Amino acid sequence: MKPKLMHFFVYSSVLVLILTSMAKIISSSGSAPILEMSDPVFNISYRVVFLVVAGIELIIAGICAFTNRIWLQVGLLSWLATCFIAYRLDLKFAGIRYCPCLGTVVDSLPISRNTADSILLLIVVYLTIGGYASLLWLYWQTRKLAVLKS
């Protein structure tokens with residue numbers, strides 16, 4: 001993965017994280033009954049889960065936007081993608097068919113809940129592949145430099 005492509009990945013991921021965190025914050029400020037229901041993975045209300053995850057997404061987006069340390073940027077994005085995959089797997093094992101990741105904002109969009117879930121899954125795949133491909137490329141570049149110096 002070339003540096004320009006890696007920077008595109010990082011900054012497009014920042015944009016995605018800002019958008020999804022805003023959706024979570026908007027959803028958590030609503031009065032839908034699901035917000036008071038308990039999340040099956042964390043056993044706390046969806047409202048709290050949305051706010052905590054939105055905070056984590058904004059912190060990671062901020063770090064990625066305001067640092068030039070590419071290892072840190074792609075490392076954080078890869079870690080977050082891994083957390084999202086683990087959460088989705090937990091939901092699947094709990095028998096839940098879709099991820100309530102954006103909360104009630106999905107209800108106001110002109111798309112079905114399944115379509116929104118598919119889009120969110122694509123975002124997780126994008127973060128995972130982009131993050132880990134970037135980490136591998138950085139690792140190989142570091143190894144190449146080490147070989148050249150010795």
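This is a predicted model: local features need pLDDT of at least 70, side-chain atom pairs count only at pLDDT 80 or more; totals for chains, interfaces and linings use all residues.

Reader: OK, K24 then. Which side chain does K24 meet in a salt bridge?

Author: That would be E57, with N to O at 3.0 Å. K24 sits in helix α1 (residues 3-28) and E57 in helix α2 (residues 46-66), so the bridge ties together parts that are 33 residues apart in sequence.

Reader: And are K24 and E57 buried or exposed?

Author: Buried, both K24 and E57.

Reader: What about R47, which residue does R47 pair with?

Author: R47 forms a salt bridge with E36, and their closest N and O atoms are 2.5 Å apart. R47 is in helix α2 while E36 is in the loop between α1 and α2, 11 residues apart.

Reader: Which residue does D117 bridge to?

Author: D117 bridges to R88, with the closest N and O atoms 3.1 Å apart. D117 belongs to helix α4 (residues 113-149) and R88 to helix α3, so this pair ties together parts 29 residues apart in sequence. D117 is buried at 13% relative accessible area, and R88 is buried at 15%.

Reader: Changing topic: what's the volume of the largest pocket?

Author: About 460 Å³. The lining of this largest pocket has 25 residues, and K24, V53, E57, F84 and Y87 lie nearest its centre.

Reader: Which helices supply the lining of the largest pocket?

Author: α1, α2, α3 and α4 each give at least two residues to the lining. The largest share, 7 residues, comes from α3.

Reader: Tell me about α3, then. How many residues does α3 have, and how far does it reach?

Author: α3 (residues 70-93) has 24 residues and reaches 34 Å from its first C-alpha to its last, close to the 34 Å expected at 1.5 Å a residue.

Reader: Which residues in α3 are buried?

Author: Among them are I70, Q73, V74, L76, L77, F84, Y87 and R88. F84 and Y87 are also among the residues nearest the centre of the largest pocket.

Reader: And what follows α3?

Author: α3 is followed by G95, which has a positive phi, near 85 degrees.

Reader: Zooming out, how many helices and strands are there in the protein?

Author: There are 4 helices and 0 strands, so to speak an α-α-α-α run from the N terminus on. The C-alpha trace spans about 60 × 30 × 30 Å along its principal axes.

Reader: What share of the 150 residues is buried?

Author: Buried residues make up 36%. As for contacts between residues at least 6 apart in sequence, 67% join residues at least 24 apart.

Terms used:
Residues are numbered from 1 along each chain as its sequence is written. Side-chain values use heavy atoms; hydrogens and water are left out. The expected span of a helix is 1.5 Å times one less than its number of residues. Buried means under 20% relative accessible area, exposed over 50%, partly exposed in between (1.4 Å probe, protein chains only). A salt bridge is a side-chain nitrogen of Lys or Arg within 4 Å of a carboxyl oxygen of Asp or Glu. On a 1 Å grid over the protein atoms alone, a cavity is a set of points where a 1.4 Å probe fits but cannot get out, and a pocket is an open set with protein on both sides within 12 Å along at least five of seven lines; lining residues have an atom within 4 Å of a point. Grid points are joined across faces, edges and corners, and a volume is the space filled by probe spheres set on the points. Contact means heavy atoms within 4.5 Å.
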